[in-house]
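Biologist: I'm new to reading protein models. Could you walk me through one, a feature at a time?

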Amino acid sequence: MTEREGVEAGAEALTEERDGGGVGAAVGPGDGWENDDRAAGRRPEDEAGRGVVVAFGQTMKTLRVREGLEREEFGRRLGYSASTVASFEQGRRIPTPRTIERADEVLGAGGLLCLWKEQVERAQYPVFFQGMAVLEKEAVELLSYDTLVVKGLLQTEEYMRALLGMRRPPLDEEVIEQRVTARLARKEIFDRRPAPLLSFVMDESVLRRWYGGRDVLRGQLEQLLLIGQKPNVEIQVMPLRCEESAGVDGPFTVVTQKGGKKFAYAEAQGTSALQTDADQAALAAARYGIIRSQALTPRESLAFIEGLLGEL
């Protein structure tokens, strides 16, 4: 896999691809994969993102003052406290797209604030992950193979907290809250319309690890069974007894955009790579197809997960 170094590469790779430029892959610290704060807003992840958020906040404040609204009244109309409004205006928190739309309406901005939505939303991620974040939101198909932990999109909140609490060096509580909120927000992919096709294959060992303890694992397995019932979702298990596996090189994700363009993403031990080369992404998709054929069928897999629940 060809790699371009530097934290700026992720966004550049996707931008160049959309503009017709050919690039290989983008890499950067994988630890920036998900970083949000609680519902009150998210923190920008880098200097470029911070600049965008600060500029947006100043624009919103200018419009609020023009309308003669105090922070308390403005916050009441948005459903936030005055202190949270201050955080938005000072660029210390990132409002959700829905909050931006509501602020635009309350302030009579005529769409001026809504013009910032995409840039502000992307600012919650490090530059290198912004391309992948956009891909996931626009995916018509997402294929994921996992060998260490349950995919973030499938995790329960308790499972998330258990994993994040195991990080070494330890993460600050605020950081953990940010990342939990980010992962929970990304689950909207399951309810998107039109529904994307989602396929998840995971090693049996992933489902047997007691991360967080018996109750956490039980809740996670129960959630897998529920999500596996969705018509646009397939969950499969690669059994330990399987003598062959095309996934020996580790976990990865393949995302397909409308129009059929594919991208491959992988991360491990503090590094990540977004593969934009068409041939390499196609090979990753083909490899995933082999992995899927080697795993238990979706029906067999759900029955297998039910069996694991019975053992707890």
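Predicted model: local features only at pLDDT ≥ 70, side-chain atom pairs only at ≥ 80, totals over all residues.

Biologist: Which residues make the contact?

Modeller: Helix 3 brings Phe-74, Arg-77 and Leu-78, while helix 5 brings Thr-99, Arg-102, Ala-103 and Val-106. Sorted by class, the contact of helix 3 with helix 5 has 4 nonpolar, 1 polar and 2 charged residues.

Biologist: Can we try another pair? At what angle do helix 11 and helix 13 cross?

Modeller: Helix 11 (residues 214-227) and helix 13 (residues 298-311) cross at roughly 155°, and their axes come within 10 Å. Helix 11 and helix 13 are therefore roughly antiparallel to each other.

Biologist: Is that crossing left-handed or right-handed?

Modeller: For helix 11 and helix 13, the crossing is left-handed. On the helix 11 side you'll find Arg-218, Leu-221, Glu-222, Leu-224 and Leu-225, which meet Leu-302, Ile-305, Glu-306, Leu-308 and Leu-309 of helix 13. That contact between helix 11 and helix 13 has 7 nonpolar, no polar and 3 charged residues.

Biologist: Now the strands. How many bridges join strand 6 to strand 7?

Modeller: There are 5 bridges between strand 6 (residues 262-268) and strand 7, and the two run antiparallel. To spot the pairing on screen, look for Ala-268, which stands opposite Thr-271 in strand 7.

Biologist: Why is strand 7 said to be largely enclosed?

Modeller: Count its buried residues, meaning those under 20% relative accessible area. In strand 7 (residues 271-275), 4 of the 5 residues are buried, so the strand is largely enclosed by the rest of the structure.

Biologist: And if I zoom out, how many helices and strands does the protein chain have?

Modeller: The protein chain has 13 helices and 7 strands. Of its 312 residues, 51% are buried. Here's one more number to read: take the contacts between residues at least 6 apart in sequence, and 73% of them join residues at least 24 apart.

Methods. Residues numbered from 1 in each chain as written. Heavy atoms only, no water. Contact = heavy atoms within 4.5 Å. Nonpolar A, V, L, I, M, F, W, Y, C, P; charged D, E, K, R; others polar. Buried < 20%, exposed > 50% of the residue type's maximum accessible area, 1.4 Å probe, protein only. Pairing = 2+ DSSP bridges. Axes fitted to C-alpha atoms, helices over the stretch in contact; angles between N-to-C directions. Parallel < 35°, antiparallel > 145°, perpendicular 65-115°, else oblique. Left-handed = near helix turned anticlockwise from the far one by under 90°.
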